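Student: I am new to this structure. Can you take me through it in short steps?

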Amino acid sequence: MNEQIRNGQTTINVIEKANLIWSIADLIGQGLYKPHEYGKVILPMTVIKRFDDVLKPTKQKVLEAYEKVKHLEVKEGFLERASGYKFYNISPFTFDSLIADSE
């Protein structure tokens, strides 16, 4: 396969990312928004989807850790350790549950 490399990205990487964005757009429903509103929705939803995908494997572990330390003044270290990242999500919501509830 012949790939072009431009600024450290291959054509395939760009196409892959574009396909990801459009697949998320299909999930949130293009018909729900007016064309001029669409750009305001797709980027935040793409970021939320990416965070959700990254944190999905440790989501339950983080929620369990939060229940144990929620009364503490400093809880970030416990939750970061549970997630495996310098960020975490203690919300019970997932991307799928947000999409299912349009309100």
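**Fold and numbering**

Student: What pattern does the protein chain follow, read along the sequence?
Tutor: Helices (H or I, at least four residues) and strands (E, at least two) are DSSP runs, numbered from the N terminus. The chain has 5 helices and 2 strands. Along the sequence, the pattern is β-β-α-α-α-α-α.

Student: What should I know about the model before going on?
Tutor: This is a predicted model, where local features need pLDDT of at least 70 and side-chain atom pairs count only at pLDDT 80 or more, while totals for chains, interfaces and linings use all residues. Residues are numbered from 1 along each chain as its sequence is written, and side-chain values use heavy atoms, with hydrogens and water left out.

Student: How much of the protein chain counts as buried?
Tutor: Buried means under 20% relative accessible area, exposed over 50%, and partly exposed in between (1.4 Å probe, protein chains only). The chain has 103 residues. The buried share is 23%.

Student: Which residues of helix H4 are buried, and how wide an arc do they cover?
Tutor: H4 spans residues 76-83, and its buried residues are Leu79, Ala82 and Ser83. The arc is that of the directions from the helix axis to the C-beta atoms. These residues lie on the same side of H4 because they cover an arc of only 95°.

Student: What about helix H3: which residues are buried, and over what arc?
Tutor: H3 runs over residues 59-69, with Lys59, Val62, Ala65 and Val69 buried. An α-helix has 3.6 residues a turn, so residues three or four places apart point the same way.

Student: What separates the C-alpha atoms of valine 62 and asparagine 89?
Tutor: The two residues are 27 residues apart along the chain. Asn89 is also among the residues that valine 62 touches. Their C-alpha atoms are separated by 7.4 Å.

Student: Is leucine 55 buried or exposed?
Tutor: Leucine 55 lies in helix H2. Its contacts, not counting residues up to four places away in sequence, are Ser83, Tyr85, Phe87, Tyr88 and Asn89. At 8% relative accessibility, leucine 55 counts as buried.

Student: With which residues is threonine 46 in contact, leaving aside neighbours within four places?
Tutor: Threonine 46 is in helix H2. At 12% relative accessibility, threonine 46 is buried. The contacts of threonine 46 are Ile21 and Ile24.

Student: Which element gives the most to the lining of the second largest pocket?
Tutor: On a 1 Å grid over the protein atoms alone, a pocket is an open set of points where a 1.4 Å probe fits, with protein on both sides within 12 Å along at least five of seven lines; lining residues have an atom within 4 Å of a point. The lining has 14 residues, and Phe51, Asp52, Lys59, Asn89 and Phe93 lie nearest the centre. Two elements give two or more residues: helix H2 (35-55) and helix H5 (95-100). With 4 residues, the most comes from H2.

Definitions and conventions: Contact = heavy atoms within 4.5 Å.
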